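Here's a quick tour of a protein model for anyone who likes to know the cut-offs behind the words. Have the coordinates open while you read.

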Amino acid sequence: MSCSKIFLALLSLCLCAWRCDSDSDKDSSSPSLWEPSEDIHVLGPTVFPKPSWKTGSTKAKVVLKPYYGTHRPNVDAVMAYAEGYALPYYLSFVESLKSVKFEGDIVFCIAPHSYLKEGVEEYLKAQPNMIIYLADLTCYNEDRVTKGPRSIKGDGQPDIFQMCSIDHAYAVPKTNKKEPQTVLDDDTVVNAHSQENEDREKIEEAEEWTTVEDPREGRVVATLRYELYWMWSQHYNSRQWILILDARDSYFQSNPFLQVPRRTHLETSDHKSKKDGSSTVGGILHFFGEDANSTRLGKSRKNKNWIQRGYGDHVLQALKDKPTICSGATMGEQIGMEMYLRAMVNEKDESPIRMTGADQGFHNYLYYSSKLAAATAIEKIVLWEQGKGAVNNLSALREVPLVDRGIMNTTTHEIYNTDKSLSAVVHQWDRDKALFNHRRQRVFRQLEQQWKIEKQNLHTKPQ
């Protein structure tokens, strides 16, 4: 072989090595690092199917009602699946939200009375603007076929790995014949969506209704919650903002809704669909990343498994160097959130994965594959790097104390963004030892004492 050929071969190997390592070596602030992948681009539908269509009828409607409280369509909302926690966790979440002057709806799904922790219901009912649903689930034994009671572990917590369903959340007109089971392609979905108002009128005219059992297989509550969020989201106007958030390990330092862009109905009135008069301007979504210097989808064992088991080796290979986007916190205008939640439920319908945490795989796949790009209800997705948006995800920072990173005040224990501004929402606070101890040993006790005094005052008020 000639010297020139040897040189070219060596150069080729060097270039290959550089390409293979370039993504993982990129600075976390590199824009291309957070961009959707070119290797797994998916042409998604313009309208994802409603979860209720799984009943076999596009006329099916949600009949699930709150146990307590009433949704207000013209306010923002914070939503959380919060089943089985002890009272201090609800105090931490709700009291911090009240302290930042949030006046929208707080929507929780909590444990039913059979295993609801002491004092939780009394406290939540005493709070303003609270909407409570009960996790009245149909659950299954380990064979995933035989129905059984909700499994409660030795520490009193519900089993997060148990498969469960939501029966009787949907109803179909009893007088209507069941529609044939067909594959809902994009045209079918669009046609059904465009006739939504017409279908609703027919449903309201029906004299008899029948509720149906959950048409889906049992799934873990971390996956199931997105269907509940979708049901709840329909109670709000299209331009209200919704934040879905993990309740157990989150609290508020400022109001995350104060800085979001606001667009009124009048601002979008020039954009109408011909069929039903609704706005054709999609909504804005905010996604929140984890620290890219600490972890990537292929580096984290859990994230790696969720992607690989949900989508296969080829997708994992394409996404292994991508930063993790946390599914525990997502924010957006109602019109965009409603469609995003449809897409999340649809991912489970199309995927064989049953793992707890698989929702984070769905969340990352939807973004990095561009599967949401064609959805007309979603105008754009704003992806915030860790420490730069309204929600500060701390989990990936656990290897180095937050104090040493310079993002926690040693006196006040306030958490800061990378620009030293106050983080509006602190998520995954229990991963840092100092912050964990501060909240568990001091904040929790203070909040319990405060609630004890407030409760006494409530009981002594004249009727």
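Predicted model: local features only at pLDDT ≥ 70, side-chain atom pairs only at ≥ 80, totals over all residues.

## Ground rules

Residues are numbered from 1 along each chain as its sequence is written, and side-chain values use heavy atoms, with hydrogens and water left out.

## The seven-stranded sheet

Helices (H or I, at least four residues) and strands (E, at least two) are DSSP runs numbered from the N terminus, and two strands pair if DSSP finds at least two bridges between them. With that in hand, there's an open sheet of seven strands, ordered S4-S3-S2-S10-S13-S12-S14, with mixed pairing. The edges belong to S4 (130–134) and S14 (378–384); each has a single partner strand, so one side of each is left without a neighbour in the sheet. On average, neighbouring strands of this sheet are turned by 20° against each other, direction ignored. Axes here are lines fitted to C-alpha atoms, for helices over the stretch in contact, and angles run from 0 to 180 degrees between N-to-C directions.

Phenylalanine 288 stands opposite tryptophan 384 in S14.

## Helices across the sheet

Contact means heavy atoms within 4.5 Å. Helix H6 (residues 221–233) lies across S2 (77–81), S3 (105–110), S4, S10 (241–245) and S13 (325–333), running at about 150° to S2. Helix H9 (residues 334–350) lies across S10, S12, S13 and S14, at about 140° to S13.

## Pocket and cavity

Both searches run on a 1 Å grid over the protein atoms alone: a cavity is a set of points where a 1.4 Å probe fits but cannot get out, a pocket is an open set with protein on both sides within 12 Å along at least five of seven lines, and lining residues have an atom within 4 Å of a point. Grid points are joined across faces, edges and corners, and a volume is the space filled by probe spheres set on the points. The largest pocket has a volume of about 1500 Å³. Of its 44 lining residues, Arg248, Lys302, Trp306, Thr356 and Arg431 are the closest to the centre. H6, H7 (301–311), S13 and H10 (358–368) are the elements that give two or more residues to this lining.

The largest cavity comes in at about 70 Å³. Its lining includes Arg216, Arg219, Tyr226, Glu227, Met344 and Lys348, and the elements that give two or more residues are H6 and H9.

## Two local spots

Tyrosine 90 is found in helix H2 (residues 87–99) and is buried, with a relative accessible area of 2%. Buried means under 20% relative accessible area, exposed over 50%, partly exposed in between (1.4 Å probe, protein chains only). Not counting residues up to four places away in sequence, tyrosine 90 touches Phe108, Ile110 and Val120, among others. Tyrosine 90 and valine 120 are 30 residues apart in sequence, yet 7.6 Å apart in space, C-alpha to C-alpha.

Strand S8 (residues 170–173) points Tyr170 and Val172 one way and Ala171 and Pro173 the other, and all are buried. S8 runs antiparallel to S1 (residues 61–62), joined by two bridges, and pairs in the antiparallel sense with S9 (residues 209–212) over four. Alanine 171 stands opposite lysine 61 and also opposite threonine 211 in S9.
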